[in-house]
Amino acid sequence: MTEAISEAPRPTAAADESPAADVTVLIVGGGPAGMMAGLLFARAGVKTLVLEKHGDFFRDFRGDTVHPSTLDLFAKLGLLEGLLQRPHDEARKLTVLIGGRHYAVADFSHLPAACGFVALMPQWEFLDFIAKAASAYPTFSLRMNCEAVGLTMTNGRTTGVKTAYGEQLSAQLVIAADGRHSAMRDAAGLKPKDLGAPMDVFWFRVPKKNDGSNQTTGVFGAGRIMVLIDRGDYWQCAFVFAKGSADAIRSRGIDAFRDDVASAVPLLSPAIAAVKSWDDVKLLSVALNRLTNWSRPGFLAIGDAAHAMSPIGGIGINLAVQDAVATANILASKLGRGGEVDNLLPRVQRRRMFATRAVQAAQRVIQNRIIGRVLAQSAQSVITEAPSIVRLLDRFPILQRIPARLVGLGVRREHIRSPDAFSRTDR
């Protein structure tokens, strides 16, 4: 990392007297929305500080499907080649396994985009790349190990944040990008509307032989759904189950869980012993919600802080990045000129709400009409035939371009329109 990336100072007896940060935009959360917003605001010449409560970006089993819409944004920034030098796999088609047969359901290779594939990239690689790219701008700073725990207010307007070290950092605008359990959103008094989710997910790894091809797929069986993300030398596995039943599954023991996995996906049987204990299995509590109001004077929520997405389609990271682009498009120019933007904050929500609603509506249909029904079936039942829509997609490959476009390019796709204040200078 460059000098712009630092750890927060350790608390001292004089922590309450720490000087306020001289920044225009303070972003809480170093996830996809926060880091992308930090990059774009800094590029626009806006003095920007990102706070990340962890000491690194390494959190396993986070969303890591970088879609063509997001890859296009990096192409626009001149960063695509560098991004794709980071470790990743390329999924040009998506398949599902039903009744022992593979069905092709989406083909990304024909998309009108810079990349005709989904990049399966560990999120820590993705975020670290953005951090390094942003650090090329003198207007960018990133403080690791710095947790924001509250907001500072003046006459009802947000003016900064309080950190766990007792500091008070001031800024013209605070952007909450601190995830689905956003402390900043709560501090601002914003409450999300719960849309419901019928499932939760166990994430774990199973070793595999690297054969050079990507075999990412979904597996549907009576009472069981699994997603296998091909990581070259291991499968990143998602075991989907009815919401609220995690404790019941754990109570049966790790041996029974391994048996369930091997029964659902026999190809995992030879290596499933690598899952030695429940310490190797991480729970993702699936949530689907959104704020009805994303902003207050001096405060804006984006990404998961504004709308938690289901993992269906791997759309969450890409929707968060699109939020960041729209936010910079609407606010960066005026902030760069030293203007006030409180009156512009509701425009971000108006711009992004249609895409949020559309994606969540589609996810609810899939959750309730497909996933919920499959999970409700008895594990002793047998699924021998795929649904007609799946068979149709597999039979007519040209139709696979439709779901590929919906997933790969998304709804109300954003394009970078925020300025590059350094385009004529040597960085």
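**Exercise 1: around F126**

Find which residues F126 is in contact with in this predicted model, skipping neighbours within four places in sequence.

*Solution.* What's left for F126 is P32, V66, T70, F74, L83, M121, I317 and V321. Next, zoom out to the core. F126 sits in the largest nonpolar core, which has 80 residues, and is listed with M36, V161 and L331 as having the most contacts inside it. Helix α8 (residues 316-336) gives the most to this core, namely ten residues. Another core, of 28 residues, lies apart from it, and its members include A91, I225, V390 and L409.

**Exercise 2: α1 against α4**

Work out whether helices α1 and α4 are roughly parallel or roughly antiparallel, then say what their contact is made of.

*Solution.* Grab the geometry first: α1 (residues 32-43) and α4 (residues 123-134) pack at about 20°, with axes 9 Å apart. Angles under 35 degrees count as roughly parallel, so α1 and α4 are roughly parallel to each other. Their crossing is left-handed. Now the contact itself: α1 brings P32, M35, M36 and L39, while α4 brings Q123, F126, L127, I130, A131, A133 and A134. Sorted by type, that's ten nonpolar, one polar and no charged.

**Exercise 3: Q349**

Decide whether Q349 is buried or exposed, and find what it is in contact with.

*Solution.* Locate Q349 in helix α9 (residues 345-376). Its relative accessible area is 14%; buried means under 20%, so Q349 is buried. Leaving out neighbours within four places in sequence, Q349 is in contact with T292, N293 and W294.

Terms used:
Residues are numbered from 1 along each chain as its sequence is written. This is a predicted model: local features need pLDDT of at least 70, side-chain atom pairs count only at pLDDT 80 or more; totals for chains, interfaces and linings use all residues. Side-chain values use heavy atoms; hydrogens and water are left out. A nonpolar core is a set of buried Ala, Val, Leu, Ile, Met, Phe, Trp, Tyr and Cys residues joined through side-chain atoms within 4.5 Å. Buried means under 20% relative accessible area, exposed over 50%, partly exposed in between (1.4 Å probe, protein chains only). Helices (H or I, at least four residues) and strands (E, at least two) are DSSP runs, numbered from the N terminus. Contact means heavy atoms within 4.5 Å. Axes are lines fitted to C-alpha atoms, for helices over the stretch in contact, and angles run from 0 to 180 degrees between N-to-C directions. Angles under 35 degrees count as roughly parallel, over 145 as roughly antiparallel, 65 to 115 as roughly perpendicular and the rest as oblique. A crossing is left-handed if the near helix is turned anticlockwise from the far one by less than a right angle, and right-handed if clockwise. Ala, Val, Leu, Ile, Met, Phe, Trp, Tyr, Cys and Pro count as nonpolar, Asp, Glu, Lys and Arg as charged, and the others, Gly among them, as polar.
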